[in-house]
Amino acid sequence: MDFILLSILKTAIAAPVLLGTLAYLVWIERKVLAHVQLRIGPSRVGPHGLLQPIADAIKLLTKEDFIPSYVNKFYYWLAPWLALMFAVTAISVIPIGPIVEVFGIKTNMGQADISIGLLLILGLTGMGVYGIALAGWSSNNKYSLLGGLRSSAQMIAYELPMAMAIASPLLIVNTLNLREIVNAQAGYTFGILPNWNVLGGGLQIFSFLIYLTCAFAETNRIPFDLPEAENELVGGYNTEYSSMKFAAFFMAEYCNIITACSVATTLFLGGWHPIIPNELGGQFIPTLVCLFFAGVLFYHALNPSRPSDRLSMGVIGAVILGLGLMFQVPGVKDLAQPLFWFASKAGFLIFFFIWVRGTVPRFRYDQLMRFAWLFLFPAALLNLLVTAFIVALKSN
Amino acid sequence: MDVLLFTFFALVAIVGAVSLVLQKHPISSALSLVSVMVALSVLFLLLGAEFIAAAQLVVYSGAIMVLFVFVIMLLNAGAERESRKAGLAQFLGLPLTAALLVFASYVITQSMSNAKAVKFGAFTGGGPREVGWALFTQYLLPFEVTSILILVAIAGAVVLARKEID
């Protein structure tokens with residue numbers, strides 16, 4: 001029963017954090033996109049629009065939950081929650097830190113630590129297609145149906161190269177357990193270059209790129225966001241949805257992005273291991289980064305471009321300064337530092353997703369399919385063969 | 001705990017299987033089959049066959065059934081109209097099914113009278129490493145023969161599809 005109690009406790013901590021991250025990811029995306037396009041972005045609700053996600057949540061909760069008369073009620077109702085359920089469940093197997101001891105209880109940072117972690121993620125994200133496909137079909141709307149069909153076809157097409165891109169680092173680390181995968185990437189070559197899969201070990205940079213490309217397609221992001229291409233399909237599979245059901249799709253999408261980036265971090269970027277060995281000062285990097293940002297914010301607080309900045313920038317700067325000092329507190333350090341490294345790696349990938357959205361135009365549908373089957377799939381196959389060859393040579 | 005989980009997911013599997021047959025709409029039937037597959041994968045997991053459970057989830061419910069649903073959606077198949085049932089099936093169908101089930105359970109309980117109840121986590125040889133080891137040493141020949149069979153099937157599918165296009 002101890003295990004169950006501990007799991008419930010961990011979920012009680014992780015679930016609000018995850019939901020908060022999802023809400024603020026929307027804010028971050030809007031802000032970054034705005035700055036890419038030389039706009040300001042959300043700025044009305046709260047300082048720098050920081051309360052925008054809360055306002056959005058209240059709006060979505062209180063909006064009329066309109067169900068068109070011509071939909072297939074049961075599947076129409078089921079689809080968004082199915083999508084959200086599988087998206088959220090997949091995150092549970094990702095380890096965000098090493099095994100730590102908190103209040104005398106030894107536990108792993110992460111929900112579940114199972115031997116088939118990676119396969120479970122593949123399975124659950126594969127199941128996520130049902131949500132989108134069913135939404136498209138049950139809406140009884142041409143645009144929705146087309147969106148649902150496109151999405152299923154796209155996910156089937158891109159799941160193959162993705163699985164193959166995942167398989168090649170697995171040949172090197174020799175396990176499916178995500179914790180062991182991360183631990184296999186510990187240590188440094190020549191005492192400085194991290195042993196991450198993406199850097200050393202048999203050209204895994206190609207697997208990483210293939211995986212990342214497929215992740216864009218699997219999460220329906222630009223340049224592969226054809227399932228919801230606004231200017232062709234109105235809104236795609238979620239055209240007929242409103243209120244919380246729409247929010248569920250929205251959350252599932254962002255949840256999938258977080259999962260994809262976290263998997264990339266664990267598989268290729270060494271999970272929670274620091275980029276510079278702790279002996280060479282890696283443990284001070286979190287603090288230094290926080291100090292830098294706090295400094296920038298304090299500078300803007302002293303030279304405000306808007307009167308309100310004097311307070312808001314100062315307060316946020318103080319929070320970040322406190323966060324930076326927290327990374328050096330002895331008891332908290334072991335917990336916070338791995339979290340920092342994991343979050344910053346995954347966060348950088350998420351930023352990359354947003355960056356690409358602001359930069360690259362959308363593919364045409366036939367280009368999308370041709371790219372998957374005629375380029376990505378053979379490339380992934382070749383990559384897997386080469387990796388297998390290297391591993392076989394090394395083991396001899 | 002494991003008894004509770006087993007009962008629940010076994011019930012899900014059975015209800016899903018019955019609903020697969022009874023549903024009128026192809027999408028509903030396909031999704032019932034998905035629920036059966038998912039329940040089966042949990043049952044495998046309860047038995048400790050972790051790899052099989054994951055494979056069941058990835059291959060059957062994640063890939064094959066998605067393809068089914070995709071095709072049904074693409075063809076936009078409507079609800080099937082009920083045909084006149086054959087006279088014999090109408091009256092004897094249910095009793096004969098019940099009789100078959102009773103007979104099967106009788107045979108199983110008789111032939112495995114001294115079997116022990118399975119406990120959650122009692123079996124530990126189901127991880128990916130063990131399955132891979134067994135597949136590539138003890139069962140290498142069947143494994144390779146199966147892969148050739150699948151290759152032939154793929155080639156056949158391509159040939160047939162090409163004929164359609166011409």
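Select chains A and B together and look at where they touch: 18 residues of chain B are in contact with 19 residues of chain A. Two residues are in contact if their C-beta atoms, placed from the backbone, lie within 7 Å. On the chain B side, the elements that give two or more residues are helix H2 (26–47) and helix H3 (50–75) of chain B. H3(B) supplies the largest share, 14 residues. By type, the chain B side divides into 14 nonpolar, 3 polar and 1 charged. Here Ala, Val, Leu, Ile, Met, Phe, Trp, Tyr, Cys and Pro count as nonpolar, Asp, Glu, Lys and Arg as charged, and the others, Gly among them, as polar.

This is a predicted model, in which local features need pLDDT of at least 70 and side-chain atom pairs count only at pLDDT 80 or more, while totals for chains, interfaces and linings use all residues. Residues are numbered from 1 along each chain as its sequence is written, and chains are lettered from A and ligands numbered from 1 in the order in which they are written.

**Chain B**

Helices (H or I, at least four residues) and strands (E, at least two) are DSSP runs, numbered from the N terminus.

Of the 166 residues in chain B, 18% are buried. A residue is buried if 20 or more other C-beta atoms lie within 10 Å of its own, exposed if 12 or fewer, and partly exposed in between, with C-beta atoms placed from the backbone. Among the contacts in chain B with a separation of 6 or more, 63% involve residues 24 or more positions apart.

**Chain A**

Switch to chain A, which has 13 helices and 4 strands. Its C-alpha atoms fill a box of roughly 65 × 65 × 50 Å, taken along the principal axes. Buried residues make up 43% of the 396 residues of chain A. For contacts in chain A between residues at least 6 apart in sequence, 74% join residues at least 24 apart.

**A pair of helices in chain A**

Select residues 142–173 of chain A, helix H5, and residues 204–218 of chain A, helix H7. The two pack at an angle of about 155 degrees, with their axes 8 Å apart. Axes are lines fitted to C-alpha atoms, for helices over the stretch in contact, and angles run from 0 to 180 degrees between N-to-C directions.

How are H5(A) and H7(A) directed, roughly parallel or roughly antiparallel? The angle makes H5(A) roughly antiparallel to H7(A). Angles under 35 degrees count as roughly parallel, over 145 as roughly antiparallel, 65 to 115 as roughly perpendicular and the rest as oblique.

Display the side chains next. In H5(A), the residues that meet H7(A) include Met155(A), Tyr158(A), Met162(A) and Ile166(A). Among those on the H7(A) side are Ile210(A), Tyr211(A) and Cys214(A). The residues of this contact divide into 11 nonpolar, 4 polar and 2 charged.

Is Ile166(A) buried or exposed? Ile166(A) counts as buried because it has 24 C-beta neighbours inside 10 Å. Not counting residues up to four places away in sequence, Ile166(A) touches Leu118(A), Tyr211(A) and Leu267(A). Draw a distance from Ile166(A) to Ala264(A): the two are 98 residues apart in sequence and 9.0 Å apart in space, C-alpha to C-alpha.

Go back to the loop between helix H4 (117–138) and H5 of chain A, and pick Asn140(A). It has a positive phi of about 55 degrees although it is not a glycine. Asn140(A) is partly exposed, with 15 C-beta neighbours inside 10 Å.

Next pick Asn220(A), in the loop between H7 and helix H8 (230–233) of chain A. Asn220(A) is not a glycine, yet has a positive phi of about 55 degrees. With 23 other C-beta atoms within 10 Å, Asn220(A) is buried.

The last stop is Pro304(A), in the loop between helix H10 (285–302) and helix H11 (309–326) of chain A. Pro304(A) is partly exposed, with 14 other C-beta atoms within 10 Å. Leaving aside neighbours within four places in sequence, Pro304(A) is in contact with Asp309(A), Arg310(A) and Met313(A).
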